[in-house]
Structures are given as structure tokens and as C-alpha cells.
Amino acid sequence: MKNYLKKLPRKLRDLIYLARDVAKKEGLHACLVGGFVRDLILGINPSTTLRIDLDLVIEGNAIRFAREYARRLSGRTVCHSRFQSATVIVSNKVKIDIATARRESYPKPGALPQVFAATINEDLKRRDFTINTLALDLTNDNFGNLLDFYNGMVDLGKRKIRILHNQSFIDDPTRILRAVRFEQRLNFRIEPHTLRLLKKAAFDNLLELVSCHRLRDEIILLLKEARPLMYIKRIENIVGFDFFYPGLKLKRGDWYFLRCVDNEIQWFNENFPLIGLSFSWLLYWAAILEPLNIRILGKHLYRFGLRKEEISAILSYRQIRLPLFKRLNKEKLAPSLVFRLLKPLSLETILLVKARYRSVNLSNHIEKFLRYYHGRVPFIDGHILLKLGFKPGPCYKQILNQLLYRQLDDKIKSKEEAIVWLKKRKAKSAKLK
Ligand code: CTP
């Protein structure tokens, strides 16, 4: 494993070597665990440009370790004393989770566990799947040694998702979704015994025992994966969507819509990489719930604790989609009108409407809006209005908007023309008074 470490980008290697030094200084046994080790062995290159997310387990006091580690990195520590763990935040792109090795006992399915200090071996035993039990020893003499207590390497080789014990999905039903996520992302297979227990847990509605907020976080992770449609299909096949909304079934038309949404997201990301879609997962969320009526949908969104802007993007899609389609489904429209109709909406709402109607006229107007109108600003600003003698107040916004509409419609082509227009406008309103 030392060789794997040598190939890592410098930034990552330094973080790992520093963890080794801190463990030595504090006399603690430390291991690198979780997805990072799994992906390292699979040869999936960790991206250091996007985020660095490391998981460390310490036999002993993780909070003491975290404080010293953070000090050396000039980072900050957020402690979670209930779990004897801490997160060291170095920047908004580098975060290291540090946990005290623990055993867990689940008072009831879906509930948060009670935790007890334990050895690293015991800590790995409580984990979701064998492929996630691999650990890399950071303790000095054993530095870089792979710890594989639960046949993780065998299952990585066979490309299998396997739970460690029969109680796993009962202890933590979110593992149902995690199993699908790892299976699809890594192109592995959930092995038959695990799949049987997974289906049984789903059939017994264990996901309904999980708090909506934990469920939401797990669903978002799944929908943020590179090609979520495969994940959604797999969920439909093996567990269905009752956990998302009781009785929810996706019909042919719903799947068609999901594919259209997927196409719109690909189209948007290819054509507008600089604008960036912050919530592409939200579009899939909205599309899965397309069969629900708006009242029930609203309740569902609040129950899952989505954020205000996320809820509003989905609900406004439902409210405005038909009137918006009717107004934009014409070949020729003034750019300022298109701008006024689309500007108040979120990108997510706009793309949902585009996916829903797939009309050439509507698509053209949306594309032009995104390409040419979206980021346009008036030639002049409030300072110039003041210089021209306009009395400050809410009318500024109105005047600047009118100016922008004229620019979009090509009636005003330069700053000079804008000033001429403003002077005329001012003279006119003075006359009226
Ligand atoms: N884990 C678990 N059961 C859960 C959640 C997490 O056993 N319900 C364990 C797994 O060992 C997992 C580790 O905690 O590897 C870290 O969790 P997380 O960061 O969610 O998983 P990763 O495997 O790192 O996933 P990803 O590659 O998506 O970051």
C-alpha cells in the first residue's frame, strides 16, 4: 500500500503523512478508512481539485488527535462529543473526519446508534459493506499496511457489495440506498444474500423508520451521482418508491419525462459550463414526483426538509409551466418579453419546463435567454442616474429595467444612446408635472 500512497498527489500525501506524525506524537493508533481506501485500491484517482474528504479512525481520543492535527494544519476543529469524533476543516475544499474507534448498538431500527469506545477491528465490523471495511494503518512501524479483517479485498476483486452481518439493513436501513449507490457507481453487483436481506428490509418498510432528513441526505447523494437514471431504475426494480412517497409508481410517461430531464441537464452542462447548475439532483427529485399533485407534492417537500429555494424551484415549475409554455411557444417574441418571463425563475425551474414541453419555439427562447440575455446589465447605473438629476428612490430600479429591456430589443445600442434616452425621458416627465 505504501506504493499507492507514493502515487497520490502531493497535497493528499502531506495530509496523510501529517496524520502519521500526529498519531506518533500523541501515542495513538490511527487508520485511514472508508471510501478513500476502497477507491485507492480500485485505482479511482482522488480528485484534489474538487474536494478532499478523508476519514480517520483513532483507537483512543479522536478529539485530542483532531485538535493537534488541526493546529498543525492551521485548520479549525468541529467536535461532536456524543460520537467522540471531530471534523478538521482546512478550507472549504479540504475536510478530514476523525472518529474514535467505536462499537454501536441500535436501540431500534433507523434510530441513531448508542456508541462505545472500541478497537479499530471492532469499528470496522460495524460498517455497511465489506468493501468499506478496508483500512490503511498510519501507525509508525506499520505505516501503509492494509488492514483487511472482513474480506474486503476479495469482494473488491469479485466486484461484490456484501453486508457484514444479517442485521445490517435493520440497524441502518439507509444502507439499502447506499448499496444501490455503490453498486451502480462502481459497476459492482449486490451479492444474492445481501440482495435478499435488502429486499426484505425494504418490503418491511424499514426505510420509513428513518428520519426524513437522513433519508433526504442519502437520496441527494444518490441523485448527485454522474448518471442518476441508472440508480433510479435499480431502485425501482428492487425496492420501489414507497419510501419516497407511499404508493408512488413510475409509469412509462414518467420515465420519458425523467429521460428528458436527464437530457436537459446534459445539454445545459455541455453548453453552459460556466453558469453551472447548483441543484441538478433537484430536477430528478422533481421528475420522480411528477405523478403527485401539487398539494401533496408541497407537503412531501416540506416533510423532507428541502430548503426554501429548492421547494420554490419545484413548486413554481408546477405552477407556471402551462402559462409559461403558452407564452413562449411562439416563433417570434421580443427578447425583453422572454427576459421578463424567465428572469424571475430559477434555472432548475426553467430546465424542468423545457424538459416537460420539448417544444422547438420554447427551447429556442430558453436557449437565447441563457446564452444572450441572462447576464446582461444596463449600460448605465444608479450613479449616472443621479448625475442626470433623477431623484433617488424605487423608480431607479424601474428606469434601469426599462433601459435593459430596450437594450435587449436592440432599441438602445450604446451608453451614449442610453443617456440620450434618459434625458428625453426626464424632460417628458418634467413636462407632465
Ligand atoms: N458507513 C457505514 N454505514 C453508513 C454510512 C457510512 O458503515 N450508513 C461507513 C462506511 O464504512 C463508509 C464510511 O462510513 O465507507 C464513510 O461514510 P461515507 O463518507 O458516507 O462513505 P464513503 O464510502 O466514503 O462514500 P463516498 O465514496 O460516496 O464518499
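Predicted model: local features only at pLDDT ≥ 70, side-chain atom pairs only at ≥ 80, totals over all residues.
Me: Which residue does arginine 175 meet in a salt bridge?

Reply: A salt bridge here is a side-chain nitrogen of Lys or Arg within 4 Å of a carboxyl oxygen of Asp or Glu. At 3.8 Å, N to O, the partner of arginine 175 is aspartate 172.

Me: How far apart are the closest N and O atoms of arginine 371 and glutamate 367?

Reply: Both residues lie in helix H18 (residues 360–373), four residues apart, about one turn of the helix. Helices are DSSP runs (H or I, at least four residues), numbered from the N terminus. Arginine 371 is partly exposed at 35%, and glutamate 367 is partly exposed at 25%. They form a salt bridge, with the closest N and O atoms at 2.9 Å.

Me: On to the ligand: which helix gives the largest share of the shell around it?

Reply: The ligand is surrounded by 14 residues, where near means a heavy atom within 4 Å. Two elements give two or more residues to this shell, helix H3 (35–42) and helix H8 (175–186). The largest share, five residues, comes from H8.

Me: How many residues of that shell are charged?

Reply: Asp, Glu, Lys and Arg count as charged; Ala, Val, Leu, Ile, Met, Phe, Trp, Tyr, Cys and Pro count as nonpolar; the others, Gly among them, are polar. The closest shell residues are Arg38, Asp128, Asp172, Arg181 and Arg185. The shell splits into one nonpolar and four polar residues, and the charged ones number nine.

Me: How far is an oxygen atom of the ligand from a polar backbone atom of aspartate 128?

Reply: A polar side-chain atom of arginine 38 lies 2.8 Å from a ligand oxygen. In the side chain of arginine 178, an N or O atom is 3.0 Å from an oxygen atom of the ligand. For the polar backbone atom of aspartate 128, the distance to a ligand oxygen is 2.7 Å.

Note on methods. Residues numbered from 1 in each chain as written. Heavy atoms only, no water. Polar contact = N/O pair within 3.5 Å; in protein donor to acceptor, adjacent residues only side chain to side chain. Buried < 20%, exposed > 50% of the residue type's maximum accessible area, 1.4 Å probe, protein only.
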